[in-house]
Amino acid sequence: MTSLTERKNAAISRGVGMTTQIYAERAENAEIWDKEGNRFIDFASGIAVVNTGHRHPKVIAAVKAQLDRFTHTCHQVVPYENYVHLAERLNALTPGTFAKKTIFVTTGAEAVENAVKIARAATGRQAIIAFGGGFHGRTFMGMALTGKVVPYKVGFGAMPADVFHAPFPIELHGVSVEQSIAALKKLFAADVDPGRVAAIILEPVQGEGGFYPAPTAFLKALREICDQHGILLIADEVQTGFARTGKLFAMQHHDVAPDLTTMAKSLAGGFPLAAVTGRAEIMDAPGPGGLGGTYGGNPIGIAAAHAVLDVIEEEQLCERANQLGNRLKQRLAEIREKAPEIADIRGPGFMNAVEFNDAKTNLPSAEFANKARLVALEKGLILLTCGVHGNVIRFLAPITIQEEVFAEALDILEASIVEARG
């Protein structure tokens, strides 16, 4: 009998990488059951997509209600009120007290692409600056902005022009805020006139890059530089948004308002939906027809997103994210006494990570991180690694995770790290 893995290998491009060989049969809140009936605790959430848990009852109810009305008209052909209402809600909820407008698309990469289009249209400039270690998608502009070659750029040829990178400040790896800002200014002196730069884009907490939070001083300095040179600041909140960091949006930790915010992932609780929200006059720069897409703002995703925003508020998920994250970091600190491989524990809210170095050389150890991940998987806990060096385990459990399941997961995590030491 041919296994599912063999069927997958025969039918699907190897370019679609898979972290596990678990084939999901059903899921509920923070738990997944596979085709063989095995149960797993999900600390991946589809890469930060189900902050409100798998199949949250209110999200499912909203989707079912929308299914009974209509599933697609294309908003650009026959519009619908809940699209307008969701735009109004995001305009009010995103950072910044200025007037805002929103567009809806389908994926995070598409949101980033559109943010760049809008920035170029609004400023009449072409250049974009991003940061090393950042991740912004797998489209060509997304790849160009992403600050990591393997596996995202390798083999795909020339990237779009006028994209520049500066180092992201990570004290653990010897890059201070002052050094990062100095490198940015050197970029202006040596490679690109700031008068040609349309936007600077960054993740308030780097996702694939290793869950490194941007320091407040760095974000404030970027805001000043952007204001000085007429550059737009784009916050990529695709992974950080919707209560994950203990605020609805991560930029709210810093009292710095971006000109444009991109979002996706947990916006619709598992249904494909993404958005760009920004200053009204900037969002209006492209002409009619310049933005949009056939599936952008699909009514099913829009209905789900309304329910997600309701759940975050009603269940106080920002507060819960802080509580869960504090407990996780405290437990990791206790584990650190048994595992000197732990080099760092970090992350705001429930967007947390643990970084591993070799205990003897103190160099980044992707081998240890992956071993701990695999041991945990054997014990029924799904974890994800990340980081430029591959030596970080990131934690993205649903913020709605049940208390007893969270406690069980922490026990498995400790046992897995200890066992990985061998």
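The model described here is predicted. The protein is divided into domain 1, made of 4–55 + 316–421, and domain 2, made of 60–315. The notes below cover the sheet, the interface between the domains, and the salt bridges.

- Strand β3, residues 39–42, runs parallel to β13 and is joined to β13 by two bridges.
- Ile-41 has Leu-381 as its bridge partner in β13.

**Domain arrangement and interface size**

- Between the C-alpha centres of domain 1 and domain 2 the distance is 25 Å.
- On the domain 1 side 36 residues are in contact with domain 2, and on the domain 2 side the number is 35.
- The size of an interface is often expressed as the accessible area lost when the parts come together.
- For domain 1 and domain 2, the buried area is about 2,800 Å².
- Carbon and sulfur atoms give 60% of that buried area.

**Polar and charged pairs across the interface**

- The rule finds 26 residue pairs in polar contact across the interface of domain 1 and domain 2, with both residues at pLDDT 80 or more.
- The salt bridge count between domain 1 and domain 2 is one.
- Arg-394 and Glu-208 meet through their side chains in a salt bridge, with an N to O distance of 3.0 Å.

- At least two residues of the side of domain 1 that touches domain 2 are supplied by each of α2 (45–48), α11 (317–336), β11 (342–346), β12 (352–356) and β15 (392–395).
- Helix α11 gives the largest share of this side, with four residues.
- Sorted by class, the side of domain 1 that touches domain 2 holds 20 nonpolar, 11 polar and five charged residues.

**Salt bridges**

- Side chains of opposite charge can pair when their charged atoms come close.
- The total count by the rule used is 21 salt bridges.
- Glu-28 and Arg-55 form a side-chain salt bridge, at 2.8 Å from N to O.
- This pair links distant parts of the chain, since Glu-28 lies in strand β1 and Arg-55 in the loop between α2 and α3 (57–67), 27 residues apart.

Note on methods:
Residues are numbered from 1 along each chain as its sequence is written. This is a predicted model: local features need pLDDT of at least 70, side-chain atom pairs count only at pLDDT 80 or more; totals for chains, interfaces and linings use all residues. Side-chain values use heavy atoms; hydrogens and water are left out. Domain bounds come from an automatic or database domain assignment. Contact means heavy atoms within 4.5 Å. Buried area is the accessible area (1.4 Å probe) that two parts lose on being put together, summed over both. A salt bridge is a side-chain nitrogen of Lys or Arg within 4 Å of a carboxyl oxygen of Asp or Glu. A polar contact is a pair of N or O atoms within 3.5 Å; within protein, one must be able to donate a hydrogen and the other to accept it, and residues adjacent in sequence count only if both atoms are side-chain atoms. Ala, Val, Leu, Ile, Met, Phe, Trp, Tyr, Cys and Pro count as nonpolar, Asp, Glu, Lys and Arg as charged, and the others, Gly among them, as polar. Two strands pair if DSSP finds at least two bridges between them.
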